[in-house]
Amino acid sequence: GFTLRPGKGEFDEQGYVSATTWEEGDGLMPGRYKVAFDCWDRPPSAEGPPPKNHVPQHYREPAESPIELTVPAGSGPLELEWDLGSEAQ
């Protein structure tokens, strides 16, 4: 069998993502990923009202997102582009 290992990433103001599997910025393991996004107007916290999320709802959860990403073994940085639209909530 094999083990599923999720990855995560944060994007900067220009839209570039630094992905992490184990340690900050180490990239993603080869494999196929379901991709979900969040883009808040401020970091979420337990204090006050929730921040606005500018990503449409159907892109926010991996199970619902139609976006998949395949990372080939031995690949370097990947250049990808997605247009998610905008939905302030």
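Guide: Glu-68 is partly exposed, with a relative accessible area of 43%, where buried means under 20%, exposed over 50% and partly exposed in between (1.4 Å probe, protein chains only). This is a predicted model, in which local features need pLDDT of at least 70 and side-chain atom pairs count only at pLDDT 80 or more, while totals for chains, interfaces and linings use all residues. Residues are numbered from 1 along each chain as its sequence is written, and side-chain values use heavy atoms, with hydrogens and water left out.

The partner of Glu-68 is Arg-32, and the closest N and O atoms of this salt bridge are 3.3 Å apart, the term requiring a side-chain nitrogen of Lys or Arg within 4 Å of a carboxyl oxygen of Asp or Glu. The pair links distant parts of the chain, since Arg-32 belongs to strand β3 and Glu-68 to strand β4, 36 residues apart; strands here are DSSP runs of E with at least two residues, numbered from the N terminus. Arg-32 itself is exposed, at a relative accessible area of 64%. The structure holds 1 salt bridge. In general, side chains of opposite charge can pair when their charged atoms come close.

Key
Helix = DSSP H or I, 4+ residues; strand = E, 2+ residues; numbered from the N terminus.
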